[in-house]
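Have a look at the model first.

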Amino acid sequence: MNRLKGKVAIVTGAARGMGEAYARLMALEGARVMMTDLRAEVLEAAAANIRSLGGDVTPLVCDASDIDHWRELTAKTVETYGGLNVLVNNAGFATATSCENFDQALWDKCLGVILYGTVYGIHCAVPEMRKAGGGSIINVASMTSFSAFPNTETPIREYGVDSPYCAAKGAVVSLTRAAAWQYAPDNIRVNAIAPGIIDTPIIADLMENPENPIVKFWRSRLYLPSGFGQADEVAWMGVFLASDEASHVTGVTIPVDGGYLTV
Ligand SMILES: NC(=O)c1ccc[n+]([C@@H]2O[C@H](COP(=O)([O-])OP(=O)(O)OC[C@H]3O[C@@H](n4cnc5c(N)ncnc54)[C@H](O)[C@@H]3O)[C@@H](O)[C@H]2O)c1
């Protein structure tokens with residue numbers, strides 16, 4: 001309790017999945033949290049639930065890929081809570097397309113949310129964090145920042161390698177290092193979390209078919225008896241990175257993947 005007391009946080013993509021978990025756990029650790037998402041009704045319900053648990057949260061519908069929304073969100077955060085100390089760039093979505101089947105709109109949408117959304121967030125947060133004497137920016141990468149879907153088996157190839165997603169999540173790792181270098185003198189730490197396979201709505205459709213070769217492949221990379229990861233198991237890493245306990249941690253991307261990348 002109270003590991004984040006006195007801090008103000010923004011969490012994007014906070015209506016469900018890991019975003020909801022970051023917002024809930026941070027609020028229950030004493031942060032005041034602006035929760036943003038595109039899904040208005042789900043966002044309102046998630047915020048109401050966190051309030052019922054005793055958290056101080058404010059929902060605001062925002063598109064993370066729109067810089068004007070970011071400007072409004074930052075202004076509203078400062079107006080509501082008096083400053084900004086923590087930013088979680090969590091909003092994201094998966095596609096299933098490649099370079100060969102090039103779709104400009106899909107690539108633009110994916111890079112717009114995951115890469116530009118992260119850039120816009122940093123752009124808007126840094127001036128406010130400077131005023132506060134420092135802060136913590138937590139970007140959300142992925143195991144696909146480091147590892148593509150397997151492409152050696154024909155059935156898996158049929159599902160498509162998610163090239164824009166892998167490209168965007170890879171860029172988030174490099175951007176995290178660059179921003180950590182740039183803003184360290186301002187006492188702003190910039191880190192990323194690389195979740196493994198986490199049981200959230202983003203992969204629910206795939207999970208419905210246990211015969212899906214991708215699901216079978218993922219299962220072969222489960223080492224812990226607990227199986228696929230849960231949103232809270234990832235969000236606790238976010239709480240740590242947001243807290244003063246992580247005061248000497250910057251520029252890294254930390255896998256929370258049950259060993260997927262390294263075992
Ligand atoms: N679930 C996994 O296995 C997994 C693994 C690695 C990385 N990730 C990443 O973790 C993050 C959270 O994923 P999740 O599994 O909780 O997914 P999710 O689909 O459950 O939640 C993502 C949320 O982001 C919101 N969102 C999407 N586009 C947005 C936009 N333009 N503006 C604002 N909100 C937007 C969605 O409405 C949704 O509520 C994403 O960045 C995802 O790519 C997930």
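Which residues in α4 meet which residues in α6? Leu106, Trp107, Cys110, Leu111, Ile114, Leu115, Thr118, Val119, Ile122 and Val126 in α4 meet Pro164, Tyr165, Ala168, Lys169, Ala171, Val172, Leu175, Ala179 and Tyr183 in α6 (contact means C-beta atoms, placed from the backbone, within 7 Å). This is a predicted model, where local features need pLDDT of at least 70, side-chain atom pairs count only at pLDDT 80 or more, and totals for chains, interfaces and linings use all residues. Residues are numbered from 1 along each chain as its sequence is written.

**α4 and α6**
- The α4–α6 contact divides into 17 nonpolar, one polar and one charged residue (Ala, Val, Leu, Ile, Met, Phe, Trp, Tyr, Cys and Pro count as nonpolar, Asp, Glu, Lys and Arg as charged, and the others, Gly among them, as polar).
- Helix α4 (residues 104–131) packs on helix α6 (residues 163–183) at about 15°, with axes 9 Å apart, so the two are roughly parallel (angles under 35 degrees).

**α1 and α9**
- Helix α1 (residues 17–28) and helix α9 (residues 231–242) pack at about 50°, their axes 8 Å apart.

**Around the ligand**
- Of the 28 residues around the ligand, Gly13, Gly17, Gly92, Thr200 and Ile202 come nearest (C-beta atom, placed from the backbone, within 6 Å).
- The largest share of this shell, three residues, comes from α1.
- By class, the shell has 15 nonpolar, nine polar and four charged residues.

Definitions and conventions
Axes are lines fitted to C-alpha atoms, for helices over the stretch in contact, and angles run from 0 to 180 degrees between N-to-C directions. Helices (H or I, at least four residues) and strands (E, at least two) are DSSP runs, numbered from the N terminus. Angles under 35 degrees count as roughly parallel, over 145 as roughly antiparallel, 65 to 115 as roughly perpendicular and the rest as oblique. Two residues are in contact if their C-beta atoms, placed from the backbone, lie within 7 Å.
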